[in-house]
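Please look at the sequence and the 3D structure below before reading on.

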Amino acid sequence: MKHPALSHYVIGGLVLAAMSGPAWAQEAAPVDAQASEAPGMDIIVTARRRNESLQSTPVAITAISPAQLEAKGTVTLADLQGTAPNTLITAQPTGATTANISIRGIAFADVEKSFDPSVGVNVDGVYIGTSTGQLLDFFDIDSIEILRGPQGTLFGRNTIGGVINIRRTRPTGEFGGKFEAQAGSYGAIGLRGILNAPIIPDVLAVKLFEMHQETDGYYKDSVTGRHLGKSNSENFGAAFLLTPAPGFDALLTLEQQEQKFQPYFGSLTQTGDVFCAFLPVGACGGNKTDDIYTTYPGVEPTGSYRARAATLEMNLDLGAVKLASVTSYRKSKDRVFYDIGTSGLYVADRPQKYHQFSQELRASGKVGDSFDYVAGLYYFDSYYQLLQDTFVFGSQVSTQDTRGKSNSKAAFIDMNWAFAPGFRLSGGGRYTHDKKAYRNPLIYTGSAKESWSKFTPKVTLDYRPTDEFMVYGTWSRGYRAGGFNGRGQTIFSAQTPYDPETVDSYELGLKTEFLDRKLAINVAGFYTDYKDIQQSATITLAGGQGNETIVSNAAGAKIKGLELDVTARPTTGFTLRGAVGYTDAKFKGFIVDQPVTYADGSISSRTFDFSNVNMIFAPKWTASVNATYEVPVGDSTLAFNVGYRFIAPYDQQIAPDPALYPSLLATQGSTAAVIVPRNDPLIRSDRQNLVDASVSVMIPMNDGDSKMRLTGFVRNLLDDRGPSFAFQVAAFPSLWHYGVPREPRVFGVQAGFEF
């Protein structure tokens, strides 16, 4: 893969500049220094590529500290589900370490690498280009920021829903470490460690890290009763921090992530589904609370994932201007061989490979006391290949060879201007040029290519009459690139591109502090105009024989809502956090053509109007409350933590209710549009009431910073069971349904040592 020479020259220039470091007068902190919690209510965030107090940043943000993660025995990104208002994070079961993330009703729920995520996951300043690899393991975390709403200016690429910004700890330059062992229900074992050490004092430091997590799974074999769904994950590497002179630092992180797992699925197939007649007794007609945790004999699934990554972050302080460079390369291979809840009737083998390269250059500075800016250039390049063999009723029915390339270039600027006492005008824009190419050599010898360009501006006005009160208003535009259908099986579907989708978001916010900064209340209201939504649809093949999936810009939507974040520290050692989110999401014009198989066996295409169905992954309400109380006991500290998360029901797929098929298709041969009143209730999640609790004791080990931590925790205390993911395969007729259950009640203990 070739990359532009420009980035190499710039990187080389920064390195040469570092060698002449004595010319600089003072040492500067990195441009993207880690977020941290300061005294009082101050939480320092980098949501705008600057170090700012959360309360003075005119962006809707939820900041999550490492202590919150440790308190509930958090393992992956999915454990943050429901923590921030109007935010869902679930596992996409048909891929390795794959996440479905939804913010403010804008969701992406697909495993194919031909799609770009609608919520950006950034790790140490690097955008993860596919949903595969987003479901990260947690341990070595310094901060997590969930930014809600389009972030098209600074974070840019495909962030129409928002951004999850993750920063890991940097090498300290001092000898020290942190080690932790964890054991829990369903054979869960976790071993994690970090070791910091100086190589050359005050010049070169290293951080070594290793994370291991395994579980036997919480599926139950219908015949033997044993647990199924094993998973074994490793994440290890090293980070080297070079500080050769004041004003310059370079951080090189080398890492590898591995996972081996059993991708089991629960059957949600019902009477009326085609596959129901062929499934074992009990596999058809089950419920989506307890029955979804049971699997029935079929093939033994296997899954594997391996990713290697290298990231180089460099920061250079020239006094008036600070420069930053983030260079990253990521390469992965994954393979899943699974039976999607059909007891061997439908089996797929999906090996894939992927790599991405990205380069970001930023300059930031101040002009006088009232104006500051961040500006930069961004380059992204990726490639993937999918080879899939599909077997139905034991016979191979298709082979797929899909290859895609993506290239993106952007320039951006973001500015603050304090033009009057208490008033600040912020704004900027990003110009992005995307180019994609797609090949399917089993269908045709050439390749399909398309490109798109978009300018995404943002304007914010905030007013801060006192240090404890700020009101702001924002208009921003987000953009997600177009592409080609990764499931295309004919020349038409493989060569037909879909266009970008855009979001115009309007937001009013209020950030306040009361009672001598012991109480913070932040409120945001938003209205989103979502245009040209990329939607999968099924069409009839030429001649009416069979069907295939295409992607088109089939719909628009209007989304509005409210969000409330509250943090209170009424007494020493007691912290109370709460969040409430409300979303009202409605399609506006959602009309597609879809093939229909009638009772006499004939097939024809009908027009369907889905404008009245619910948008996916958009619950009306989300709410959470978390309380932490720390009390000294001699030289030790005892900490209690309890949290509650509520998530209202939400649909997980655009799919018509099979119970309506007879009435919807009563007029065979009609050319009138079929009005679909609702989605299939089987792919609708139930109401979730999730309670987590823990108790910890922190014991100092000497007069220094060494300490031991012992924790007992329980997640999902009420054992609230149901699907984290559900899907209907095909329509008119429905072939089968499958689902993946959410984590049941889990108990665990942790022992940690830090020095």
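Which residues touch the most other members of the largest nonpolar core? This is a predicted model, in which local features need pLDDT of at least 70 and side-chain atom pairs count only at pLDDT 80 or more, while totals for chains, interfaces and linings use all residues. Residues are numbered from 1 along each chain as its sequence is written, and side-chain values use heavy atoms, leaving out hydrogens and water.

Tyr530, Phe587, Phe590, Phe608, Phe610, Met615 and Phe732 touch the most other members of this core, which has 30 residues. A nonpolar core is a set of buried Ala, Val, Leu, Ile, Met, Phe, Trp, Tyr and Cys residues joined through side-chain atoms within 4.5 Å, where buried means under 20% relative accessible area with a 1.4 Å probe, protein chains only. The elements in the table each supply at least two residues of the core, and β33 gives the largest share, four residues.

| Element (a DSSP run: strand E, at least two residues; helix H or I, at least four) | Residues |
|---|---|
| β32 | 519–540 |
| β33 | 547–571 |
| β34 | 574–588 |
| β35 | 591–597 |
| α4 | 661–664 |

Leaving aside neighbours within four places in sequence, Phe732 is in contact (heavy atoms within 4.5 Å) with residues including Gln594, Phe608 and Tyr661.

β35 also belongs to an open sheet of three strands, in the order β35-β36-β39 with mixed pairing; two strands pair if DSSP finds at least two bridges between them. β35 and β36 (residues 603–609) pair in the antiparallel sense over seven bridges, and Gln594 has Arg606 of β36 as its bridge partner.

Note on methods: Buried means under 20% relative accessible area, exposed over 50%, partly exposed in between (1.4 Å probe, protein chains only).
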